[in-house]
Amino acid sequence: MNHPPVTLHDKKFKIYIQERKILHSIEVVAARLSHEYRDKCPLFLSVLNGSFMFASDLMKEMSIDCEISFIRLSSYSDMGSTGQVKEIMGLKESIKYRHVVVVEDIVDTGHTVAALLPQLQSQGPASVEVAALLVKPEAHEHQLDIKYPVMEIGNDFVVGYGLDYNGLGRNLRDIYKVM
Ligand code: 5GP
Ligand code: MG
Ligand code: MG
């Protein structure tokens with residue numbers, strides 16, 4: 001398949017990770033989760049908007065009982081992290097005694113996950129772990145234990161497969177990086 005560069009707003013992006021590779025990497029992590037959470041009925045908490053496509057494909061590969069709920073919080077504007085983390089919105093059900101798996105699109109500086117985990121921990125879950133489609137180890141500013149990373153990338157700005165640049169690009173099947 002041919003993947004010409006795409007233009008979103010003022011920037012050009014080139015193909016970086018193809019859908020086939022993304023889906024295969026998700027299968028591997030889903031198999032691990034299905035094994036490690038057997039008999040635990042994990043509650044996936046998908047952090048909107050960026051993780052919607054990942055959450056969907058991850059759920060389809062789970063072979064055990066599991067639940068999903070969606071939360072919202074954003075710390076990112078344009079192409080730079082503001083480091084400001086808002087409150088969790090949309091968490092209606094109790095996570096007390098639940099095995100929670102946060103489903104994130106990308107862990108960049110780590111500010112978001114670093115702020116989110118203590119908020120979840122304070123609600124008395126049995127456990128909290130993170131599944132992240134992408135992690136940028138070079139950009140981390142926090143000591144984080146991302147137990148279920150799907151793919152590691154360099155310190156590039158990426159779009160596609162749910163990830164946006166100012167609202168655009170979420171619909172792309174593949175992941176692109178800024179040129
Ligand atoms: P943090 O810096 O707190 O780890 O990341 C916060 C959020 O910024 C991520 O959940 C994601 O929504 C957004 N983000 C970080 N890096 C990128 C990137 O390369 N591309 C896009 N589209 N969003 C990113
Ligand atoms: Mg996110
Ligand atoms: Mg965004």
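The radius of gyration is taken over C-alpha atoms, and the globule rule that accompanies it is 2.2 Å times the number of residues to the power 0.38. For the predicted model described here, which has 179 residues, a compact globule would have a radius of gyration near 16 Å, and the protein chain agrees with this because its own value is 16 Å. Along its principal axes, the C-alpha trace of the protein chain spans about 45 × 35 × 25 Å. Of the 179 residues, 46% count as buried, while the protein chain exposes about 9100 Å², of which carbon and sulfur atoms supply 47%.

The protein chain contains 3 helices and 11 strands, and these elements follow one another along the sequence in the pattern β-β-α-β-α-β-β-β-β-α-β-β-β-β. When contacts between residues at least 6 apart in sequence are considered, 69% of them join residues at least 24 apart.

Leaving aside neighbours within four places in sequence, D57 is in contact with L23, I26 and Y161.

The largest nonpolar core comprises 27 residues, among which L33, F54, L133, L134 and I175 touch the most other members. At least two residues of this core come from each of α1, α2, β7, β8 and β9, and α1 gives the most, with 5 residues. A second, separate core holds 18 residues, including L73, I95, V102 and V130. I175, one of the residues with the most partners in the largest core, is in contact with K14, I15, Y16, I17, I22, L133, L134, M151, V158, V159, G160 and Y161, if neighbours within four places in sequence are left aside.

N166, however, is partly exposed, with a relative accessible area of 39%. A further backbone feature is the peptide bond from L48 to N49, which is cis, with omega near 5°; N49 lies in the loop between β3 and α2.

The magnesium ion (ligand 2) has E104 and D105 as its protein donors, through OE and OD atoms respectively, at 2.2 to 2.3 Å. E104 is buried, with a relative accessible area of 4%, and D105 is also buried, with a value of 13%. Both classifications concern the cover given by protein chains only, with buried meaning under 20% relative accessible area.

S127 lies in strand β8, and its side chain is joined to that of H99 by a polar contact of 2.7 Å. Not counting residues up to four places away in sequence, S127 touches R98, H99 and V100.

The loop between β6 and β7 contains S94, which counts as exposed because its relative accessibility is 52%, the cut-off for that class being over 50%. The side chain of S94 reaches the backbone nitrogen of K96 at 3.1 Å, and the C-alpha atoms of S94 and Q123, which are 29 residues apart along the chain, are separated by 8.0 Å. G90 is found in the loop between β6 (80–81) and β7 and counts as partly exposed, with a relative accessibility of 37%. Leaving aside neighbours within four places in sequence, G90 is in contact with F70 and I71. From C-alpha to C-alpha, G90 and E141 are 27 Å apart in space, and they are 51 residues apart in sequence.

Technical notes
Residues numbered from 1 in each chain as written. Chains lettered and ligands numbered in written order. Predicted model: local features only at pLDDT ≥ 70, side-chain atom pairs only at ≥ 80, totals over all residues. Heavy atoms only, no water. Donors = N, O, S within 2.8 Å, 3.2 Å for Na, K, Ca; no water. Buried < 20%, exposed > 50% of the residue type's maximum accessible area, 1.4 Å probe, protein only. Core = buried A, V, L, I, M, F, W, Y, C linked by side-chain atoms within 4.5 Å. Helix = DSSP H or I, 4+ residues; strand = E, 2+ residues; numbered from the N terminus. Contact = heavy atoms within 4.5 Å. Areas by Shrake-Rupley, 256 points an atom, 1.4 Å probe, with all protein chains shown as cover. Polar contact = N/O pair within 3.5 Å; in protein donor to acceptor, adjacent residues only side chain to side chain.
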